[in-house]
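Here is a short report for a reader meeting this structure for the first time. Please look over the sequence and the model before reading on.

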Amino acid sequence: MLTIETRALTRRFNGFTAVDGLSFGVEEGEIFGLLGPNGAGKTTTLRLLSCLISPTSGGATVGGLDVLKDQSAIRKSIGILTESPSLYERLTAVENLEFFARAYGMSDRGAISQRIREVLEFFQLWERRQDKVATFSKGMKQKLALARALVHKPPILLLDEPTSGLDPEASKLIRDMVGRLGNLESRTIILSTHRLEDAEKLCRRVMIIDRGVSRVMGTVDDLRRKMGAVPRIEITLASASPAYAGALKRVEGVEGVEAAGGGLRLSVATKDTDGTAPRVIATLIGAGAAVREARIALPSLEEAYLSLIKEAGQ
Amino acid sequence: MRLERAMLVYNKDWLEMKRNWQIVAPILIVPLIMTVILPLILFLVPSILGTSGFNVPQSLLDRLPPNLSQEIAGMGPLQSMIYIFAVYFFAPFFLIIPLMASSVLASDSFAGEKDRKTIEALLATPIEDSEMLLGKILVSFIPSILVTFLAFAAYAVVVNVAAFSLFDGRILLPNLLWLILIFGVTPCVALAGIGVTVIVSTRVKGFREAQQISALLVLPILLLIFGEIAGALFFGPTMLALLIVVFAVVDVVVFWVGMKLFRREEIIAKHS
């Protein structure tokens, strides 16, 4: 069942098309990645889905509700992490969360306190709960902003660049937490990011957008394949021989062989790594090679992404 | 529209603002000047320079409304002058207090949130437009009107104490006109001015722009003051009742216009 669905979603600003005919669906409980460079239209897409702005044409449903007709109900059902943390710096962590819990319709004082404790403990901020946000580090602010997005237990989360501007350690922490969130309370998450690492580690499916247009969509593995990047079997040998590469080229399923390190390292391109790898190893052993190591290397999403963006630029 | 949701915005903003001296200071400084310094100048200058040279100009006396002329009949020149200024001419200045005290608060309402990049999370909440607008108006209105009431109390004390010996122990303030002005006209005028400033705040890019535009709102009040000094207007019961009715209507119109002009999309666009 699709929790979020867009149909030719389009948004123009004074002649500039920020989002151009996007159509995609996100299943319940899925973490869906919206991947693209800065200015690709990711933030505009999230603003359209959170009813902060309206589409110029096309439409979308969020939790079965129409973004044009049911704006208030949609706002209640989503938690949003905006581009900047959007926190009140003169208020404490608890005061910030209390305000947003009530703004999203929570009214029971005990339930609010309980929920605030849960999210602050989850994000390891409980000890700093009475400190003003102005005293927090950037990473802590981002964690608190995520806590704010979650405080009213929304079934849908829209996260705009959750690791942007953070150092690698803080990025990893946030990424791990978002990953854990996906497993909790059956949340549907759309994650906008220009960091391939985030998409690769967190998302089941991603859509790459550039200049408002969807370039490609599918699982991370699908994307690698669709964009022509071929998986490889990387082999390290104890001794080199030109005969080994020649033998491998004749193996069924092998699309190409590259030798490096004076012939000690062989890189075998194949679309079917699982089927081809045993035949490759058997062929090498049959040819008298001593195989030290063999591993399957999937092409990085980064490689695929960069080639796609470059292609789009041309 | 639910009042408790508007009060939620109010409470959040007030909590934030009272921790910011840049915002709190103007609320206190303007009333202090109006309520303590102005009357003190009025009473101290004649006592320092001597009272012999102080005569109310005949042209001013000619323009006074008949009932005021009756009130000062029999008073000496210094008494007349102090009475006219302290009990009559200074009254409309109290219309300015809530406007000036609230100008920072009201300008900051939405524009400040844009500057501090907190507006997007606020607009993403299910709080309705009317609730958000009312909450922002109230957070400027309530403190500034309370300060005005306190300023009036302080002004009355200062005037009565300073005038005690000069008027043989007579209590000058409060009188009926001042009570109508402070508790009737001033809240209505303040609400209209604050409403306009909050609307401006939704439609500009930042706090400074909002404050520059909102400063113009004092001009109509200054016209009232000059009109009164020039004898063109008299703040009598009829005039004050008329002002209450007119500004009550203006308040409703301003809120209605505010609702019509409130577009989350435009606020976000100005923020981005």
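This is a predicted model: local features need pLDDT of at least 70, side-chain atom pairs count only at pLDDT 80 or more; totals for chains, interfaces and linings use all residues.

**Confidence in chain A**

Chain A has a mean pLDDT of 88. In this chain, 92% of the residues reach 70 or more. Confidence is highest in helix α3 (residues 93-103) of chain A, at a mean of 97. It is lowest in helix α11 (residues 301-313) of chain A, where the mean is 67.

**A parallel pair in chain A**

Strand β6 (residues 78-81) of chain A runs parallel to strand β7 (residues 156-160) of chain A. The two are joined by 4 bridges. In a regular strand, side chains alternate between the two faces of the sheet. In β6(A), A:Ile78 and A:Ile80 point one way. A:Gly79 and A:Leu81 point the other way. Are these residues of β6(A) buried or exposed? All are buried.

**An open sheet in chain A**

Chain A also holds an open sheet of 4 strands. The order is β12-β13-β11-β14, and the pairing is antiparallel. Its edge strands are β12 (254-260) and β14 (291-297) of chain A, each of which pairs on one side only. From one strand to the next, the twist averages 20°.

β12(A) pairs with strand β13 (residues 265-270) of chain A in the antiparallel sense, over 6 bridges. Within this part of the sheet, A:Ala259 stands opposite A:Leu266 in β13(A).

Two helices of chain A lie across strands of this sheet, as the table shows.

| Helix of chain A | Strands of chain A it lies across | Angle |
|---|---|---|
| α9 (residues 242-249) | β11 (232-237), β12 and β13 | about 165° to β12(A) |
| α10 (residues 273-286) | β11, β12, β13 and β14 | about 165° to β14(A) |

**Chain B**

How many helices and strands are there in chain B? The count is 13 helices and 0 strands. The C-alpha atoms of chain B fill a box of roughly 65 × 35 × 30 Å along the principal axes. Chain B has 272 residues, and 42% of them count as buried. Consider its contacts between residues at least 6 apart in sequence: 87% join residues at least 24 apart.

**Two packed helices in chain B**

Two packed helices are described by the angle between their axes and the distance between the axes. Take helix α8 (residues 129-163) of chain B and helix α9 (residues 176-203) of chain B. Their axes come within 9 Å and cross at roughly 145°. The crossing of α8(B) and α9(B) is right-handed. On the α8(B) side, the contact residues include B:Leu133, B:Ile137, B:Phe141 and B:Phe152. On the α9(B) side, they include B:Ile182, B:Pro187, B:Leu191 and B:Val198. The residues of this contact divide into 12 nonpolar, 5 polar and 1 charged.

**Where the chains meet**

The contact of the two chains takes 18 residues from chain B and 23 residues from chain A. On the side of chain B that touches chain A, the elements giving two or more residues are α1 (3-17), α7 (119-123) and α13 (264-271) of chain B. Which of them gives the most? That is α1(B), with 4 residues. The residues on this side of chain B divide into 8 nonpolar, 3 polar and 7 charged.

How values were computed:
Residues are numbered from 1 along each chain as its sequence is written. Chains are lettered from A and ligands numbered from 1 in the order in which they are written. Axes are lines fitted to C-alpha atoms, for helices over the stretch in contact, and angles run from 0 to 180 degrees between N-to-C directions. A crossing is left-handed if the near helix is turned anticlockwise from the far one by less than a right angle, and right-handed if clockwise. Two residues are in contact if their C-beta atoms, placed from the backbone, lie within 7 Å. Ala, Val, Leu, Ile, Met, Phe, Trp, Tyr, Cys and Pro count as nonpolar, Asp, Glu, Lys and Arg as charged, and the others, Gly among them, as polar. Two strands pair if DSSP finds at least two bridges between them. A residue is buried if 20 or more other C-beta atoms lie within 10 Å of its own, exposed if 12 or fewer, and partly exposed in between; C-beta atoms are placed from the backbone. pLDDT is the predictor's confidence in each residue, from 0 to 100.
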